[in-house]
Every structure is written in C-alpha cells, then in structure tokens.
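Student: Could we go through this structure together? I would like to begin with helix faces and then turn to helix packing.
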Amino acid sequence: MSISDATVAVSEELAARDDMIVCRGVDKWFGDFQALSGITATIKEQEIVVVLGPSGSGKSTWIRCINRLEAHQSGQIIVDGIELTNDLRNIEKIRSEVGMVFQQFNLFPHLTVIDNITLAPIWVRRKSRPEAEEQALSLLERVGIPEQAQKFPGQLSGGQQQRVAIARALAMEPRVMLFDEPTSALDPEMIKEVLDVMEELARTGMTMMVVTHEMGFAREVADRIIFMEDGEIVEVGTPHHFFTEPAEERTKLFLSQVL
Amino acid sequence: MDDGDGVGAPVIGDKPAIERVATRPAEETHRSSAEWIRKNLFPNPFNSFLTVAFGIFVLVSARGLLNFVFSEERGWDAVRTNLRLIFTHAYPEEQYVRVWVCVGVVVALACLSLGLFASGGEGLRLRKISNALNATAAAIALGVVLREPSVLIGADGETVRDADGVVRQSFAEAMADRWAWWLAAAVLAVVALAVRRVPKRSDGSPAAVPTLDFAIGAMALPVLSTWVYPWGHYAFADGEFIAEPGRTVAMSTKVPWTVMWALAVASLIVGRWVSAQVDERALSRLRAVVAFTWLVVPFVLYWVVLRDPDLDWDRIFTVDAPLALAFGIGGGAVLWWLTADGRGELGRIGAIALLGFAAFHWVAAFMGWYPMLQKVRISFLLLAVMALLAHNFSGEAAKRRRLVLAWLVITTVFHYFATVMNTPSTVETPTEALIGGFAVTLVVAVFTLMLSFPLGVVLALARTSRLPIFRVMSTAYIEVVRGVPLITILIFFVVILPLFLPANMEISLFASATLGYTLFSAAYLAENVRGGLQSIRRGQYEASDAVGLSTVQRTVFIVLPQSLRASIPPLVGQVIATFKETSLLAIIGVFDILRMANSVIPAQTQFLGIKREGLLFVSLVYWVFSYMLSKQSQRLERRLGVGER
C-alpha cells in the first residue's frame, strides 16, 4: 500500500481543511546515517496526528525538524505557509507558531514556574508583565496546578513539571503543538495526568503532532496515525484502520510487540 | 553534572531522603563523648598511633607559635603603633574622616542589603554557641599550660641571665602569674554552661538566636571595650593608664567604631523594616536598586570621597555638561527611533553602522589622525552597544521609555565619573597612589573583580561561540595569558605599556597595575565560567529555541544564570586568589599592606628590623578576609541550590 492510498482513508471532511504542516521528500543525515528518508506527509489544521514506531525509527528527529531544532538537508518543510529555510526570520516566525513539549520537560530550573511560563511572552511576544502573568495563571489553572506558580521546577513531581512545560508552550499561543514522547520520562502513576491535559487540548481544536508510545492515547484521541520505521513512513491511517487491519507486515510486527 | 542530578541540595520533596532521616538509628545522635572518642580516634592500633602522633605534632606546633607570639622579645608595639600605616599608609590625618565615611557607607550598605536579602534561616543554635565557648575556654587553658614560663625581668628592666642563658619562672609561678587567662577561660566556661541551660522553645525546637543578630551583638563587645580599655600603645603607671593623647589605637578610633556599629544596627533595622512593609514586586525592585548601588559605590568612594575632586566649574559648564547633555538627548533620540515599530532590518543596520562609527574613532585615536576627548569615544561605543541591544526593547512605548531611561542613567553616571576622574584631588599624599596599605589592596581587588568579571564572561561566551573568529581570538588570549606569570604581566603593564601609549595619553601606576590584574584575572574567570557553560544541558538550549528566544535572550536569561551558579565555587576561588595576588603590588612599587610590614615598619627608627610581627599580622588580615569570602561562598551555594532541579 502506498502512502497516497493511505491518505485516502482519511475522512473527506479532514481532507477539506487547510494544510498546517507539509513535508515533501524530507531527508536528514547524521554523518553517514540517514535518519529520515523521503518523508512526505501533510498535517491539516486542527488535526491530531500520532507518530508511532520502534525506537530509532526517526520519529523524534522528524518532529524536531519541524521547528528546526534539527536542520533537514533536502526536501521541503512548510508550516502554516512559511517554508523552513536557513533564513533566520522564517525560523523565528515558525518557532513562535509552533509549541514544543519535550521528553525531559526542559523547564528552566533557575526560574519559578510562573517565570518559566511568562519569560517568552514578555520578551518574544512583547507582552506586559501583568498581562503575561494573568495569562500564565489561567494556563496553570487549565493544566490543573495553579497553586504551584511560585515554586521552582525542582520542587514539582514529573507529571506536574510536564504540565508546566505544556503551559509554557501554550503561553506563546502557538497554532501547532509538537509533543516529543511527553510521557516517556514519567512514573506510571503520573502519565495519566499529562495525557488528560493533552486530551483536553485536543478537544479545543489545537493542531497536534504527538510522538508517543501510549497506544491508548493514539487509539482514543488521534485523527490519524503515522507509523515510521528506519526513517521512512511505513503506513498512515485512522486509528481504527491502524489497530484493526494494518496493511504492512512491519506494522503488524510492531503492533504484536507493543500490544 | 550527570543526567539531571543537580550538585546542589537534595531535591525538596525527595521522599526516600526524608524517610532515611526518620529511621536513622537513635544511638548515633546520642552517643557519649567517651564512645565517640573511642570510635573515631582510637578504633584500631594503627589509627590510634596516627591520632597520638599527629596530636603530638599539633601540640608542639601550637607551643612553638604561642612561645613566638607571647615572647618578651616580640615587638608587637610596632604593629599596634602602625595600624593606621598598615591600613591606609600616608593618607593625611586631617582628612581621615573621609576614610571613615567610606567604611561607614560600606557598613551601612552591607547591613541594609542583609536586612533586605535576609533569608531568615533557622539561626544559630545556643548549643552550638555553648560548644564554641567551651572550645575557646579549653584552648585558652591548654595554651596557658603549653606556653613556656616567662623570662624573669630584673630591677633594671633587663632580662635576668645566668650561665645557661635567660632565667625563667618556675612552672608553678608561671601558672599563677597567668591568672588573668585562667579567669577568662573560667568565665567563658561558666557562660557556656549558662547558655546550655536555656530551655527549649515551647514548640520543642532547640533554642536558637538569629545568626545576624548574634554576630552584630558579638561585635558590640570589642567596640564597647574600647571605651573602658585603651587597647594599643599605652603605658601603665601608678595604677593609671597613660596613653599618648590621641595616639592609642582604641582612643583614636573608639568614636568612629561606635558610630560604625550604630550605623550597622540602624541599617539592618531599616532594611528589615522596609522588607516587611513592601510587597514582593517592590522588594525585588528595591533589591535591584541596592545591587546597582553596590556597583557604583566603589567608584564614588574612591574618586569622590577619598580623592575629593577639585572641580573646575568653568570647564564643566562649557565642555563637560554640554557634552553629557548632547549625548543624553541625542543618544536617547537615536534609541527611541531604533526601537520604533517596524524598524526591523533597518534598525540592525543602523546599530551596526553606529558600531563601525564608534570603532573608527578608536582607530583614529591610535593613529593620531584627529584629536578627540577620550570620553567622547567611549560614549559613542556605549551608545553603539545599547543600539545593538535595542531590538529587544522595540514595540510598546513603556519598553522603549525604559531603554531610553537606562541610556540617560548610563550617560549621566559615565560622564560624571569621567569628569571627576580627570579632576585633580585636594587630598595630598606623598606617593602617587592616593591611599596605601590594606586599603589599596581592597581598592585594586574590587576594581579588578568588577572589570574582569564582565570581561571573563564575554571571553567564555566567545570561546564557546559558533563563530570561529571569536573562538580563535578568545582561546588565543586565554592561553597566552594563562601561560605567562602574573608578575611578568604586571611588570609589563607598569614598565612597558606607558612606552606604547600615544604621546598625549598617560596612565598612572595604580591604573596600569589594575589593568594588568584585570586582564590576568579575566582569563582565569573565563575558564571557570566556561566550565559552567558546559554543564548546561542541551535541552535548555532547545527549550529556549522552541519558545522563540533570540540568542542574546537565551544567553542572558537561561544560559548565564545557570552556568554562573554552577561555577560559584571556582569563581570564589578565583576571587580569593585575586585578593591575595594583590600582594604583588609590593614588588612593583605600590605601598600595599605587605610592603608596610616588610619594608616600611622595619625601617622606622624606633622599630628597626622588627619584621616578623608585622608579617604575621598581615597574614592574619589576609586570612580573615579570605576565610570570610569562602564562608560566604558556601552560604551562597546553599541558598542558590534550593531552586535547583
């Protein structure tokens, strides 16, 4: 089954929406090792895409290419109509439209929770401090930890830290949110609180691209699932298609290992 | 730093750590001292041997030191009489109040900061104080026994000698003769016992006093003692103290020291009162003001208080003030224009053009193309730096106003000091340096650190930069400076640099020495900061990029705060090293504290050749300051460690 066939499986309604992220033939090498080969995919506005695949399959590399934490060597990446090139202005523009949540949270340990969240809105979005703080508090309310505003990240649990990281990304009012294995560094009892926040976010109509190993989340929340292996997109489809009637041999093998 | 495990204090809320504390075996905390001694000092024959051997070594050394310090041959009067010389050299006596004003400003500012920044803490436990008092009492008693008996003084005032040499008291006589020391030890022990008897607080926590209050209270004792006992150079006759009027250390300084102490208490109270009155935001603003004051105070104290500028008002009204005004208004307008909405690329080009213009004047100065006031060149450079930062303040009117305001403050401060520094002083001193002794040590150390810190940070950033030109230049500089001995650099700056300067430029011994120290210290600071930079994990850079911070913003808000924090211990090590290295000033011809003890005092007719006492005292002064610095660094580390990961 080719990729274009798989895209057909997505609903008509989704296909009619605007493109948010377009990747055409994206290649990426680390030295001699090809991490991404010919990635071609389109993510629509308000779509939730979950990227699955075994470790080392290039999922994280791809998602990191989308806001230029890694540079791709050939092919095109277009986010909300802006092409990612070496032009710094385009990179700045795209980074202010794309929020990212990391596996290791990457909160700023020397700043309080509220300062973590307000730093970028104040200095990049040029908001006034009271305005930024008000927004930060409402975001903390939304992720369920308003009482932790004055604490330092080191004083929070992993799940709370990841929720702060989500709030920090949302404070920039992004049009796309990228999640790079947001629950992989968490203790099992904290995974749910983070997934709940992500589900809530999905319901508000945010465009989301999620690299994860949480099959439950993929099944419940995703509009589409992209399966990757060895730097290639192997199969694309709705969760129903993906979990019940996968077409590719490699997909079946992967599912048999994780389910 | 490996995998997110911070080096700081244990993470708050770390449950296992708390449980460990709770289940710690009870006997470990409540062991008797006999058991403690057996377990720690004499656990097996070999360790017992080591304990005994090193114990004997310590006792013998202590005995040697005591015999040296308390020997009748020692001329401590040389130190006592020359305290003013040791601390300030030949600063004119009739202007001495200026020195006290400096001390007062530093004391007041320090206590105000302590009041504003104080973290509270659990305070000093009375039990600890009691232990310290007991230890002091024991040390005094041991010292009294260890010291050899005094020599006998005959009726003629000479030491009594027989065939074997000087005649000493018998041991029993010596012990009885030292009754005052016994009494002191006994008083301390009784006080210790009384302190230990203070009951626990009503909530069961051990009794404690706030550390700061205790320290300031303890300082009152020596200050008050100067009113009842004339410490220093005095004579004792017919049951009365006879001091040369005004010459005794205690008599001539008791009023100033009492004023200093009162000032300390007052500023501490004011600081605490203010921090209790205002809210969090106002407090952090106040703290920023205090921090800025600390940066300006050394300049004010040295060039305005100690130097007393003899201002030439004609020139100020015709040249200096108009210049400052022009730069303030013109530069403000340029910055206002640069930060307007939609300047974008044009703004950056303007800033770079300004930088080129400023750099051109410096080239012109060294080539001698056209004359220009040095401060005009520096002003242009400052304006260019501000212009480069301008794009961070574009947009809102409030932000633009803040940038222009910052420029006005910088211009005012800079032009004020440039004017003051170029004005002759009314204070007349015999040497080129305005002040000598320990004061010059402090002045050089403070200016060196203030100048070399920014330079070191810039060098470290350049060395880790992605741009090869910065990296190569910074690496070359650091490696060259680190490969050359400090004394060589100092001699180069003092002897050779003046020959290279353009004809119309002069540099004082003091300035060239400070410059040499600054360039030397910056190279070492840069390496320390680089260590901190490398400890920042990649995720921090990625997160800053992902939220859209620019490189400058990332460096200022994310990278530097964390890396400076991580490099506090080596940085403080470098600060202490710089402080002690100022003793090399004695070699290049500055009358610093070491030179006082080593050559000035031994040359005085009444203290001819008395050198060892002075050197011992100078070592003590150096040690006290270095120890205080290292203690403060440990405190700072603990305090900053709280928020860490």
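Tutor: A definition comes first: a residue counts as buried when its relative accessible area is under 20%, and as exposed when that area is over 50%. Please keep in mind that this is a predicted model.

Student: Which residues are buried in α19(B)?
Tutor: The buried residues of α19(B) are B:S474, B:I478 and B:V481. They lie on the same side of α19(B), because they cover an arc of only 70° around the axis.

Student: What do the buried residues of α19(B) pack against?
Tutor: Their partners are three helices of chain B: α18 (437-463), α20 (486-500) and α21 (509-535).

Student: And which exposed residues are on the face turned away from the buried side?
Tutor: That face of α19(B) carries B:I469, B:V472 and B:V480, which are exposed.

Student: What span should α19 of chain B have, at 1.5 Å a residue?
Tutor: Helix α19(B) covers residues 468-482, and its 15 residues should span 21 Å. The C-alpha atoms at its ends are 21 Å apart, so the two values agree.

Student: Moving on to packing, at what angle do α14 and α17 of chain B pack?
Tutor: Helix α14(B), residues 313-338, packs against helix α17(B), residues 397-421, at an angle of about 160°, and their axes are 9 Å apart. An angle over 145 degrees counts as roughly antiparallel, and α14(B) and α17(B) are therefore roughly antiparallel to each other.

Student: Is their crossing left-handed or right-handed?
Tutor: The crossing of α14(B) past α17(B) is right-handed.

Student: Which residues meet there?
Tutor: On the α14(B) side, the contact residues include B:L323, B:F327, B:G331 and B:W336. On the α17(B) side, they include B:R400, B:V404, B:W407 and B:H415.

Student: What about α7 and α8 in chain A, how do they pack?
Tutor: Helix α7(A), residues 158-170, and helix α8(A), residues 188-203, pack at an angle of about 20°, with their axes 8 Å apart. That makes α7(A) roughly parallel to α8(A). Their crossing is right-handed. Among the residues that meet are A:R163, A:I166 and A:L170 in α7(A), and A:V194, A:V197 and A:L201 in α8(A).

Student: One last topic: where is A:S37, and is A:S37 buried or exposed?
Tutor: A:S37 is in strand β2 of chain A, residues 33-44. Its relative accessible area is 19%, so A:S37 is buried. Leaving aside residues up to four places away in sequence, A:S37 touches A:V26, A:D27, A:D230, A:G231 and A:E232.

Definitions and conventions:
Residues numbered from 1 in each chain as written. Chains lettered and ligands numbered in written order. Predicted model: local features only at pLDDT ≥ 70, side-chain atom pairs only at ≥ 80, totals over all residues. Heavy atoms only, no water. Helix = DSSP H or I, 4+ residues; strand = E, 2+ residues; numbered from the N terminus. Expected span 1.5 Å × (residues − 1). Buried < 20%, exposed > 50% of the residue type's maximum accessible area, 1.4 Å probe, protein only. Arc of directions from axis to C-beta. Contact = heavy atoms within 4.5 Å. Axes fitted to C-alpha atoms, helices over the stretch in contact; angles between N-to-C directions. Parallel < 35°, antiparallel > 145°, perpendicular 65-115°, else oblique. Left-handed = near helix turned anticlockwise from the far one by under 90°.
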